[in-house]
Amino acid sequence: MSKIYLTYNNIISSLGFTTTENIENISKDISGIEKIEDINLSQTPIYTSLVNTIKLDNTFKKLGNINDFTRLEKLMILSLHDVLTESNVKITPKTGLIISTTKGNIDVLDSSSKFSKKRAYLSELAKQIQRFFGFKNEAIVLSNACVSGVLAISVAKRLIKSDMYDNVFVVSGDIVSKFIISGFQSFQAISDSSCKPFSKNRTGINIGEAAASVLVTSQKENLAPDAVEILGDASCNDANHISGPSRTGEGLYRSMLSAFNEANIKTTEIDYVSAHGTATNYNDEMEAIAFDRINLEKVSINSLKGYYGHTLGASGLLESIVGMQSLYNNTLYASYGFDEIGVSKPLNIIKETTEKPLTTFLKTASGFGGCNTAAIFKKVL
Amino acid sequence: MKLETYISTYCHIRNNKILINGKPFIKDAFDTDFSIFSKKVYKDLNLSYPKFFKMDNLSKLAFLAAECVLNREKTNEDDNIAIVLTNRASSLDTDRKHQSSIQDKESYYPSPAIFVYTLPNIAIGEISIKHQLKSENAFFILDAFNAEFLHNYACSLLENNKAESVLCGWVDYDNEKYDCFMYKVSQIGDIKHTINKLQNLYKIKD
């Protein structure tokens with residue numbers, strides 16, 4: 001069975017326009033979350049992590065007309081352009097494109113948008129990206145709530161294994177919009193300060209925006225130094241509640257179990273867990289229960305939501321890319337915002353950024369609709 | 001490893017009619033909107049599931065089709081049935097409702113009961129809860145029914161032992177217009193699971 005790798009990658013976020021820039025900020029304990037007062041996003045001030053619009057447009061100008069593309073399209077195109085350039089992969093009929101997003105260009109539904117409402121169709125977003133780069137195949141859009149970013153990696157791997165593609169470019173992204181903020185506010189899930197995943201004093205989530213891209217490939221000849229192999233992955237539903245996580249962490253537990261079975265490794269071989277950790281009461285508690293059930297309670301773990309907020313459809317891929325850098329730099333990055341453990345099961349939260357030899361990590365995510373995903377990655381030596 | 005895979009049951013819901021394995025399930029078509037039609041189907045299926053009435057239209061459509069397919073075959077909680085759904089409009093039908101509740105400052109009233117349905121995979125969650133399927137699931141958005149993609153993805157789940165069978169479908173609801181084709185794939189069944197066959201089955205007319 002051929003091995004599948006995650007290789008060239010990019011992150012565009014409040015913390016920078018390249019993966020390297022993002023990692024530099026994370027290693028300096030810098031968070032991209034700020035208090036923002038913008039009536040176009042929220043009626044009350046919010047803590048959020050936004051990409052600088054002026055920088056976005058100035059950078060995008062080199063690639064295209066800033067008025068022809070939506071905010072999300074600009075983020076995704078810039079991110080994917082970086083990966084295409086770095087990887088030097090030529091687009092052929094066997095090159096796939098997967099787009100991971102929860103809400104796409106949802107901001108065009110607002111009456112203030114200058115774009116046609118048609119642009120809210122995710123297939124329209126997909127066509128913009130596909131045409132911009134000249135992909136020969138229809139882009140596949142994955143919209144599976146907050147697990148989309150990690151699940152997109154699984155999907156890419158599966159489609160390469162089934163011979164549909166040789167290489168797959170995955171681009172993920174979501175923007176902060178009034179649509180999203182108002183919805184999470186109606187759930188009373190939004191924190192009135194910077195989020196504190198797994199902490200006793202956590203008060204909910206921050207929403208953030210980002211785009212992240214990666215090349216998924218079976219071709220070992222063209223790997224970046226930070227490439228990882230995907231050892232195993234799975235996505236299991238809680239079958240419990242559409243907007244609340246299972247109290248037993250059932251779906252997440254099953255996802256991890258299935259990923260470990262495929263990877264054929266033991267939980268003791270995991271050096272680092274990149275959790276979902278949204279900082280809501282129920283989510284963090286559910287994760288702690290699931291990690292305890294599978295005996296990962298002693299493994300170094302963090303949530304990156306304290307740096308970025310919850311970047312929805314981008315989060316899983318963004319956080320997997322940060323995990324790749326963790327392995328490459330042999331560094332465990334601090335779980336920003338953590339104070340005192342606030343879940344019922346023990347977790348070994350990373351309190352300070354520390355250097356340590358690392359080989360293998362587990363990424364997990366959970367979301368509305370009862371979905372959960374787990375993926376295990378190993379450094380390519 | 002390439003497996004021989006088959007379609008065991010399939011279902012179409014369109015134009016206020018339901019076909020199961022190509023045969024009409026509800027004979028009398030009636031000129032009505034989806035909300036009335038879906039209630040009629042709910043009754044004809046002898047369902048007693050009050051959560052149904054809280055669902056948005058996309059979830060109702062997917063839920064009813066899943067009932068038609070899964071109830072044809074004995075399933076129990078241990079069956080590892082994955083769910084892979086696709087459509088064009090994602091959850092836009094409900095997205096527009098949420099947008100209209102926040103568009104004006106004067107009538108600003110977002111509702112969590114609506115907002116939760118602004119994700120297409122909630123429909124998968126509803127089916128999973130009803131049938132207790134703690135299995136692989138994914139929702140994809142494509143421009144039109146894509147037999148090649150569905151075929152390849154379902155086969156990859158079966159070949160890699162991620163599922164014993166896969167409930168696949170195209171479930172689209174957009175501005176009162178809807179179209180649904182759902183089917184179950186596994187190593188058991190009468191119809192060979194091929195891209196060509198899927199294309200032909202999707203196009204079936206009553």
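This is a predicted model: local features need pLDDT of at least 70, side-chain atom pairs count only at pLDDT 80 or more; totals for chains, interfaces and linings use all residues.
Figure 1. Asp44(B) is partly exposed, at 32% relative accessibility. Lys40(B) is also partly exposed, at 27%.

**Figure 2. A salt-bridge network with residues from chain A and chain B.** Salt bridges that share partners join Lys157(A), Arg158(A), Asp233(A), Glu262(A), Glu136(B) and Lys162(B) into one network. Over all chains, the count comes to 28 salt bridges.

Figure 3. Buried or exposed, Asp110(A) and Lys178(A)? Both are buried.

Figure 4. The N to O distance is 3.5 Å. Glu340(A) is partly exposed, with a relative accessible area of 43%. Lys200(A) has 53% relative accessibility and so counts as exposed, the cut-off being over 50%.

**Figure 5. The interface of chain A and chain B.** Chain A brings 56 residues to the contact, and chain B brings 52 residues. The area buried between the two chains is about 4,600 Å². Carbon and sulfur atoms give 58% of that area. Tyr121(A), Arg158(A) and Ile242(A) supply 15% of the area that chain A buries against chain B, more than any other three residues.

Figure 6. The elements that give two or more residues to chain A's side are α4 (122-133), β5 (140-142), α5 (148-161), α6 (178-186), β9 (228-234) and α7 (250-263). The largest share, 8 residues, comes from α6(A). By class, chain A's side has 25 nonpolar, 18 polar and 13 charged residues. Salt bridges across this interface number 4. Lys127(A) forms a salt bridge with Asp143(B), the closest N and O atoms being 3.3 Å apart.

**Figure 7. Strand pairing between the chains.** Strand β5(A) is joined to strand β5 (residues 137-141) of chain B by 2 bridges. The two strands run antiparallel. Leu142(A) stands opposite Phe140(B) in β5(B).

**Figure 8. Helix α3 of chain B, with cover from both chains.** In helix α3 (residues 92-102) of chain B, 8 of the 11 residues are buried, so the helix is largely enclosed by the rest of the structure. The buried residues are Leu92(B), Asp93(B), Thr94(B), Asp95(B), His98(B), Gln99(B), Ser101(B) and Ile102(B). What covers them includes α6 of chain A. It also includes α2 (57-70), α4 (112-115) and β6 (165-174) of chain B.

**Figure 9. Strand β15 of chain A, buried on both faces.** Why is strand β15 (residues 360-367) of chain A described as largely enclosed? The reason is that 8 of its 8 residues are buried. In a regular strand, side chains alternate between the two faces of the sheet. On one side of β15(A) are Thr360(A), Leu362(A), Thr364(A) and Ser366(A). On the other are Phe361(A), Lys363(A), Ala365(A) and Gly367(A). Both faces are covered.

**Figure 10. The strand partners of β15(A).** Strand β10 (residues 272-274) of chain A runs parallel to β15(A), joined by 3 bridges. Here Tyr272(A) has Phe361(A) as its bridge partner. Strand β16 (residues 371-379) of chain A runs antiparallel to β15(A), joined by 8 bridges. In β16(A), Phe377(A) is the bridge partner of Phe361(A). β15(A) and β16(A) form a hairpin with 3 residues between them. In the turn, Gly369(A) has a positive phi of about 90°.

Technical notes:
Residues are numbered from 1 along each chain as its sequence is written. Chains are lettered from A and ligands numbered from 1 in the order in which they are written. Side-chain values use heavy atoms; hydrogens and water are left out. Contact means heavy atoms within 4.5 Å. Buried area is the accessible area (1.4 Å probe) that two parts lose on being put together, summed over both. A salt bridge is a side-chain nitrogen of Lys or Arg within 4 Å of a carboxyl oxygen of Asp or Glu. Helices (H or I, at least four residues) and strands (E, at least two) are DSSP runs, numbered from the N terminus. Ala, Val, Leu, Ile, Met, Phe, Trp, Tyr, Cys and Pro count as nonpolar, Asp, Glu, Lys and Arg as charged, and the others, Gly among them, as polar. Two strands pair if DSSP finds at least two bridges between them. Buried means under 20% relative accessible area, exposed over 50%, partly exposed in between (1.4 Å probe, protein chains only).
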